[in-house]
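Open the model in your viewer and keep the selection panel at hand. The tour below goes stop by stop.

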Amino acid sequence: MTRLLGTPFVQRIGFYVLAAWSAVTINFVLPRLMPGDPASAILFKMSELGPVSEQQEELVHRLFGGARGQSWWHEYVGYLNGIVHLDFGRSISFYPATVSAVVKSGFLWTLLLVGSATVIAFVLGTGLGIVAGWRPGRALDSVGSLTSIFLHSLPYFWVALILVYVFSFTLGWFPLSGGADIGVVPGFTPDFLNSAVRHAMLPAATIVLTSVSGWMIHMRNMMASVVNEDYVLLAQAKGLPGHRVVFSYAARNAVLPSISGFAVSIGMVVGGSLLTEMVFNYPGLGSLLNQAIVNVDYPLMQGLFLIISLTVLAANFVVDSLYVLIDPRTREAA
Amino acid sequence: MRRLVAGGDRKVILGLTILAAMLLIALVGPVVVSSLLGQSPTKLHAGPALAGPSGDHWLGTTSSGVDVFAQFITGTRVSVFVGLVGGTISTFLAVLFGLVSGYHTGRTGAALTGFVNIFLVIPGLPLLLLIASYTRGRGGWAAVALIIGLTSWAGGARVKRAQTLSLRNRDFVAAARYSGDKQSRVLFMEVVPHLAPVIASTFLFAVVGSIAAEAGLDFIGAGNTNTVSWGTMLYWAQSQGALQSGAWWWFLPPGLGIALVGTAAGLVNFGIDELSDPRRRTLRTGSQSKRSKRRKVRRTEVAA
């Protein structure tokens with residue numbers, strides 16, 4: 001345990017702090033680089049919706065620039081201070097709700113949907129990859145590889161459209177859109193959970209369907225390169241039962257790069273699920289982002305980008321840290 | 001290229017053929033559609049609204065009577081061009097950052113590696129959406145391609161970095177370095193040629209990724225919805241209720257177009273993989289492995 005807390009762990013924390021700082025700073029710099037003075041656009045929209053206090057005006061300038069006579073570092077310090085206090089100003093599309101309140105309303109929906117779909121896809125894809133890669137070149141492998149290339153090339157949101165068309169419109173098996181039936185009160189009641197799960201089925205299926213093949217291709221290639229290693233041959237020569245050779249010897253080593261790939265791909269899955277949510281009008285961060293884009297709601301967009309980036313970074317950090325526990329070699333590198 | 005085709009790998013040939021056909025459609029398709037077929041991708045009420053595929057309109061019409069086939073062919077141009085330009089920018093940055101961060105062992109290398117890793121963990125699509133919603137379609141498809149290229153290079157750079165790390169200590173690279181060759185010469189004459197297969201596959205997937213990213217941007221309306229591309233076709237199909245009216249001919253073609261390009265790239269990549277990494281050659285299916293066995297026999301005969 002003391003080893004774990006040694007230098008690499010501290011280094012990793014340092015890296016993620018740096019990455020988080022980069023995301024925060026990109027968020028600060030972008031609106032100031034963009035043409036068309038977003039701050040004025042926001043203030044104009046806000047003044048249409050209601051009276052804008054001086055305090056509000058200052059906040060918008062702090063987040064998006066455009067104020068006269070203030071140095072950029074003064075704005076930057078104010079901006080960082082606001083971020084620490086989760087103060088992102090008010091959303092325009094949900095005026096006068098604050099951005100942090102709006103983001104909070106969608107966060108849990110997305111986390112549960114994307115989280116469970118990602119885990120299902122990873123387990124399923126890796127399992128299929130083990131089977132396909134154990135005997136490379138067999139019919140199952142060839143057909144599987146071709147199918148997975150095709151599935152992998154399908155755009156997320158288009159798959160979502162097709163699923164809506166087939167299962168909601170034509171067959172009527174699943175609800176069209178939303179996160180739960182409108183009449184049901186959210187909470188841990190059987191009614192609500194049942195309704196929420198039924199609504200989540202198609203969006204989750206979309207995410208699983210489009211990301212499962214990535215894991216499969218990855219695992220298959222690693223398996224194919226591991227099956228001829230000496231230790232696998234030795235395990236077979238010792239006469240160990242087939243499933244033990246496959247899972248405890250070959251797959252156990254082949255899965256390591258998949259797990260570190262898992263960390264990087266979390267960002268892609270979250271990105272892709274944003275579009276999926278838009279199609280299903282699922283009440284998560286993706287639909288909020290859609291609202292923000294349609295209504296040119298820069299404050300909400302900024303807040304969403306930040307919270308999505310930071311969540312992905314946190315997920316990466318957790319997977320990275322777990323990786324050290326699984327692969328002793330990364331520990332010895334210390 | 002000749003080695004690929006001479007290898008007789010059907011996957012590579014099939015993939016390259018599809019890609020070449022798509023490029024041809026992107027180049028001459030719009031002209032053929034407007035002058036030979038007399039259809040327009042923007043003309044309203046060219047036919048009855050929401051009509052299925054027929055002799056007059058090969059892929060039916062939209063809710064405002066625009067010919068879907070003309071839209072699809074014309075949209076290929078924007079999608080493929082954004083794919084090529086975005087893919088080129090992304091690949092260029094990936095090679096540049098990957099090479100330099102992998103080749104330098106000192107502080108520069110460490111700093112660049114950190115930079116690459118940070119871009120790797122910051123999710124690309126939300127960043128892309130954020131920038132695109134600030135620009136709001138200003139600058140046309142070229143600006144979109146630029147933004148896509150700038151936000152999608154990190155994954156490729158990591159692969160290039162790993163490859164460069166293993167190459168930099170090989171004897172031939174060390175020899176070039178110690179014989180006093182300039183660093184840029186060592187990188188471009190010794191290291192880059194050995195990275196060629198990896199660069200080729202990065203480029204292919206960067207093109208596919210850019211096409212998909214462009215479609216995604218247009219689909220949610222963050223691009224310019226007045227241009228005709230595969231993404232805007234899906235945007236209008238979704239917002240005009242193509243699903244509700246069962247107009248499958250409207251929303252199927254753009255998605256299948258993207259998937260076709262992606263599958264072709266995947267096929268080519270499989271072939272490149274087999275050439276660059278002999279361990280993966282086991283992947284060949286029955287008839288092909290027989291052929292490679294024959295080739296092996298012939299080679300030993302020559303050696304004898």
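**Stop 1: the interface.** Select both sides of the contact between the chains. Chain A puts in 56 residues and chain B 49 residues, where contact means heavy atoms within 4.5 Å. Before going on, note that this is a predicted model, in which local features need pLDDT of at least 70, side-chain atom pairs count only at pLDDT 80 or more, and totals for chains, interfaces and linings use all residues. Residues are numbered from 1 along each chain as its sequence is written, chains are lettered from A and ligands numbered from 1 in the order in which they are written, and side-chain values use heavy atoms, with hydrogens and water left out.

Now the area. Chain A and chain B bury about 4,600 Å² between them, and carbon and sulfur atoms give 78% of that. Buried area here is the accessible area (1.4 Å probe) that two parts lose on being put together, summed over both.

How many salt bridges are there between chain A and chain B? The count is zero; the rule asks for a side-chain nitrogen of Lys or Arg within 4 Å of a carboxyl oxygen of Asp or Glu. One residue pair across the interface is in polar contact, both at pLDDT 80 or more. A polar contact is a pair of N or O atoms within 3.5 Å; within protein, one must be able to donate a hydrogen and the other to accept it, and residues adjacent in sequence count only if both atoms are side-chain atoms.

**Stop 2: the chain A side.** Colour by helix. Helices (H or I, at least four residues) are DSSP runs, numbered from the N terminus, as are strands (E, at least two). Helices that each supply at least two residues of the side touching chain B include α1 (7–33), α8 (190–226) and α10 (242–280) of chain A. The largest share, ten residues, comes from α1(A). By type, this side of chain A divides into 39 nonpolar, 15 polar and two charged residues. Ala, Val, Leu, Ile, Met, Phe, Trp, Tyr, Cys and Pro count as nonpolar, Asp, Glu, Lys and Arg as charged, and the others, Gly among them, as polar.

Stop 3: Select residues 54–64, helix α3; its buried residues include A:Leu59, A:Val60 and A:Phe64. Buried means under 20% relative accessible area, exposed over 50%, partly exposed in between (1.4 Å probe, protein chains only). Just past α3(A), A:Gly65 has a positive phi of about 75°. Jump to A:Leu325 in helix α12 (residues 298–326). A:Leu325 counts as partly exposed because its relative accessibility is 48%.

**Stop 4: chain B.** Select the whole chain. Chain B has twelve helices and zero strands. Of its 304 residues, 50% count as buried.
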